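Have a look at the fold first, then read on.

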Amino acid sequence: MFVASLVICSMIESQCMAISTKVRFEEIVDCKIAMNEMMGGVRKEFPQFQIHDARCERLPGLSI
């Protein structure tokens with residue numbers, strides 16, 4: 001299983017935050033689609049922030 005994670009940072013505000021999905025995905029393709037949707041939402045809501053890292057991570061103990 002996978003979870004989508006983003007780290008967004010603002011050089012203006014000198015802060016970073018991490019966002020991850022609550023939904024767990026069976027396929028990495030579904031995870032990447034969700035990650036891209038999250039990135040679009042973050043860019044609209046937080047224009048002063050930049051995406052620093054975006055990835056789909058395997059959940060330990062739950063991956064096949």
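Is arginine 55 buried, partly exposed or exposed? With a relative accessible area of 33%, arginine 55 is partly exposed, where buried means under 20% relative accessible area, exposed over 50%, and partly exposed in between (1.4 Å probe, protein chains only).

Some ground rules: this is a predicted model, so local features need pLDDT of at least 70 and side-chain atom pairs count only at pLDDT 80 or more, while totals for chains, interfaces and linings use all residues. Residues are numbered from 1 along each chain as its sequence is written, and side-chain values use heavy atoms, with hydrogens and water left out.

**The overall picture**

The protein chain has one helix and three strands, in the order β-β-α-β along the sequence. Both kinds of element are DSSP runs, numbered from the N terminus: helices are H or I with at least four residues, strands are E with at least two. The C-alpha trace spans about 40 × 20 × 15 Å along its principal axes. Of the 64 residues, 30% are buried. The accessible surface comes to about 4,600 Å², and carbon and sulfur atoms own 56% of that; the areas come from the Shrake-Rupley method with a 1.4 Å probe, and for residues only the protein chains shown count as cover.

Contact here means heavy atoms within 4.5 Å. Take the contacts between residues at least 6 apart in sequence: 62% of them join residues at least 24 apart.

**The strands**

Strand β1 covers residues 2–10, and eight of its nine residues are buried, so β1 is largely enclosed by the rest of the structure. Two strands count as paired if DSSP finds at least two bridges between them. β1 pairs with β3 (residues 50–58) in the antiparallel sense over eight bridges, and six bridges join β1 to β2 (residues 15–20), again antiparallel. The hairpin of β1 and β2 has four residues between the strands, and serine 14 there takes a positive phi near 50 degrees.

A few bridge partners, if you want to click through them:

| Residue | Bridge partner | Strand of the partner |
|---|---|---|
| cysteine 9 | glutamine 50 | β3 |
| valine 7 | alanine 18 | β2 |
| serine 10 | glutamine 15 | β2 |

Valine 7 sits in strand β1 and is partly exposed, at 22% relative accessible area. Setting aside neighbours within four places in sequence, valine 7 is in contact with Met17, Ala18, Gln50, Ile51, His52 and Asp53. Its C-alpha atom is 11 Å from that of methionine 35, which is 28 residues away along the chain.

**Charges**

There are 7 positive and 8 negative side chains, and the centres of the two sets lie 1 Å apart. In that tally Lys and Arg are positive, Asp and Glu are negative, and His and the chain ends are not counted; each charge is placed at NZ of Lys, CZ of Arg, CG of Asp or CD of Glu.

Side chains of opposite charge can pair when their charged atoms come close. For a salt bridge, the rule asks for a side-chain nitrogen of Lys or Arg within 4 Å of a carboxyl oxygen of Asp or Glu, and by this rule the count comes to two. Arginine 55 meets aspartate 53 at 2.2 Å, N to O. Arginine 55 also forms a salt bridge with glutamate 57, with the closest N and O atoms 2.9 Å apart.

**After β3**

Which residues does leucine 59 contact, leaving aside its neighbours within four places in sequence? They are Met1, Phe2, Val3 and Arg24. Leucine 59 is found in the segment after β3 and is buried, with a relative accessible area of 16%. Glutamate 13 lies 46 residues from leucine 59 along the chain, and their C-alpha atoms are separated by 31 Å.
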